[in-house]
Amino acid sequence: MLLEIKDLYVAIDGKNILKGLNLKIDKGEVHAIMGPNGSGKSTLAKVLAGHPSYEVVKGEVLYEGRDLLELDPDERAREGVFMAFQYPVEVPGVSNAQFLRLAYNEKMKHSGGEELDPLEFDDLLKEKAKIVDMDPAFFKRSVNEGFSGGEKKRNEILQMAVLDPKLALLDETDSGLDIDALRIVAEGVNQLKSEENAIVLVTHYQRLLNYIVPDFVHVLAAGRIVKEGGKELAIELEEKGYDWVRTAAQ
Amino acid sequence: MSTKAGMQTAFSSEFEKSISGSDQPDWVKEIRREAFADFVDKGFPTVRDEEWKYTNVAAIAKADWKTVAGEEAERAAASIDLSREIFSEIDGSNRIVFVDGVFCESISAMPEGITAVHFKEAYGEAAFRENFAKIVDPRKNGFTALNTAFAGEGIFLRAEKNRKTEDAINLVFIGLSESAGFPRVLYVGETGSEAELVEHYLRAEETAYLSNAVVEVRLADQARLVHTRVQRESNSAFHIVTSQTELGRGAVYDNTNIHLGGKLSRHDLGMGFSAEGAEGWIDGLYLVDEDQHTDTHSRIDHRIPNCVSHQTYKGILDGKSRAVFNGKVFVHEKARGTDAYQQNKNLLLSNDARVDTKPQLEIFNDDVKCAHGATVGQLEEEELFYLLSRGLNEDLARNLLTYGFAEEVINKIKVPSIKKALDEAVLNRLHARLDA
């Protein structure tokens, strides 16, 4: 099992967000976490990535059999956890290429792989950029600075392509994207999907799932998973709205 | 009062020695005498002076400064190894070198495509007479008065009409012995001229010297100047520089000031417009540590309609260092259509560091576009988490963000040797390597 979440309770600023969440994810799977606003789906992604604002009150998260919550965010990343941010952060003065090479080499150092010098890395980056149809002119620009919403999301998927995670958490990656950008991002994710990794799509809308087809759909409401099913559940949700699951859960 | 009397005696004999042996024309000597009298009257500024409230120069006032004579400087210059790392930022075909405030021809290589002469060869030039000691007011403060009193060692630069100077002109000020130096620069860019000027303030030794410079710049109509100042003085040195630039119609001035060195550094800079349609950038970065003190006082005067000024100053402070930023932008009554932007952002890496920032915008015309602001803070937690979430360890992530903060200013500098030297200096200062 790649990831196993047992009875997880999470709070932010003393307010409980997740209240007894259970989830199992294995390699080769695509999971969709859906739910209304405030249900705790972004909290789940952030707590798995190790965001310092979230406090785990109770419960357990096992990643490849190890206690994930014991690890610092950077250790998690080097172990293969990746979160694509809903709102990617701008890092002025640091070029995309510089940043990504540092991240890549840190991971290689950790895994005993080969570190790359700027020229070698540039080749890798050019190759990976094709996955999200990104212009190499973006490599020299400061990380996310002045990028449009769609460019930022593509840049997140480019980072995912370079870092090759085992567990990719895509937090509302579809938000703010027009249909063309959505297609590019989704096709990128589909190319990165493999038997060696798992992808977790955190999303409010079913739209993204037309392009990235999930094996499992989990519906969150009030901090717990209230309904689970296959891809057809997402379609049913789209038709009936979230009130339906909320009522069904009671 | 005792301080003043002390200074008078300390500098009087040096001044007399300097002016009596000088073969300058009388009109120059007269300006120098007046300036010295003014210095004797004023003395060095004290913290009671509003403009010097946070910067105490008592250590400069108390010291018994000597000045270095021409032959002495030339002899000393021979001992300087210009191939050393610290000088690697000086690249290109030319270098105009001052040692302890004295121009040293023997280790200089004069630039081509521009008039670049020692003051003594410039006194006859109309452009010199019209501008010398007229752009920076000698009476501004004790330092400008003292510099003017000792004005002998200077370089006059004149870019000819419509002429573009290809290579950046390097002015190199090297601090070597425990002495006071008073270098001066006068740059006149004629109509339509274009040039790039770099001032390098570097140390040959970690000595406690005083570098008190005055830089005057006048740009005629449509003239362009890229002006970079890199200050990497000895960490025991006192660095005081006063600069002022006046822009003609449609002139473009792009100025970047980097302050890394000095025990105490103070930069007074000004920009003024003499005709419409001119645009100026005055940007800077100060990066200090331990017990360093750095102070930037700037003044941008919009007296003429339709001119543009941009100012971004960033500071990074570690250790017990201290920074002062005081930025005045005056938009006078007649200056309609002014576009003025000013920002000062500071990053504190230590709890013991301190910054006093005062952006000051005064507007006396309604038809203008103006913005200003100042921030003092630590690294953004969300930025830090973003980097951590990509696998960078915390030290590396913090250093990368700090480096990025500095790079926003350093990236303006296009001369590769300077950019490289500054990248390295910033990383050294952060005790960091970004190459994992």
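Start by colouring chain B by domain: domain 1 covers 1-245, domain 2 covers 276-378 and domain 3 covers 381-436. These bounds come from an automatic or database domain assignment. What you see is a predicted model, in which local features need pLDDT of at least 70, side-chain atom pairs count only at pLDDT 80 or more, and totals for chains, interfaces and linings use all residues. Residues are numbered from 1 along each chain as its sequence is written, while chains are lettered from A and ligands numbered from 1 in the order in which they are written.

The pLDDT is the predictor's confidence in each residue, from 0 to 100; chain B averages 94, and 97% of the residues score at least 70. The model scores ipTM 0.96 and pTM 0.87.

**Between two domains**

Show domain 1 and domain 2 of chain B. Their C-alpha centres lie 24 Å apart. Four residues of domain 1 of chain B are in contact with six residues of domain 2 of chain B, where contact means that the C-beta atoms, placed from the backbone, lie within 7 Å.

**Where the chains meet**

Now bring up both chains. Here 23 residues of chain B are in contact with 22 residues of chain A. On chain B, select helix H7 (381-388) and helix H8 (394-410), each of which supplies at least two residues of the side that touches chain A. H8(B) gives the most to that side, with ten residues. Helices (H or I, at least four residues) and strands (E, at least two) are DSSP runs, numbered from the N terminus.

Next, select helix H8 of chain A, residues 231-240. Which of its residues are buried? They are Leu233(A), Ala234(A) and Leu237(A). They sit on the same side of H8(A) because they cover an arc of only 105° around the axis, the arc being that of the directions from the helix axis to the C-beta atoms. On the other side of H8(A), look for Glu232(A) and Glu239(A), which are exposed. A residue is buried if 20 or more other C-beta atoms lie within 10 Å of its own, exposed if 12 or fewer, and partly exposed in between, with C-beta atoms placed from the backbone.

**Into the core**

Select Leu169(A) and Val200(A): they have the most contacts inside the largest nonpolar core, which has 202 residues. Such a core is a set of buried Ala, Val, Leu, Ile, Met, Phe, Trp, Tyr and Cys residues joined through C-beta atoms within 7 Å. H8(B) gives the most to this core, with nine residues. Leaving aside neighbours within four places in sequence, the contacts of Leu169(A) include Phe82(A), Met83(A) and Val202(A).

Back in chain B, find Phe156(B) in strand S4 (residues 154-159). Phe156(B) counts as buried because it has 24 C-beta neighbours inside 10 Å. Not counting residues up to four places away in sequence, Phe156(B) touches Val117(B), Phe119(B), Ala122(B), Phe128(B) and Leu186(B).

**Two glutamates to finish**

Select Glu172(A), in the loop between strand S9 (167-171) and helix H7 (179-192) of chain A. Glu172(A) has a positive phi of about 50° although it is not a glycine. Is Glu172(A) buried or exposed? Glu172(A) is buried, with 21 other C-beta atoms within 10 Å.

Then go to Glu290(B), in the loop between strand S14 (279-288) and strand S15 (293-302) of chain B. Glu290(B) also has a positive phi of about 50°, but with 12 C-beta neighbours inside 10 Å, Glu290(B) counts as exposed.

Key. Two residues are in contact if their C-beta atoms, placed from the backbone, lie within 7 Å.
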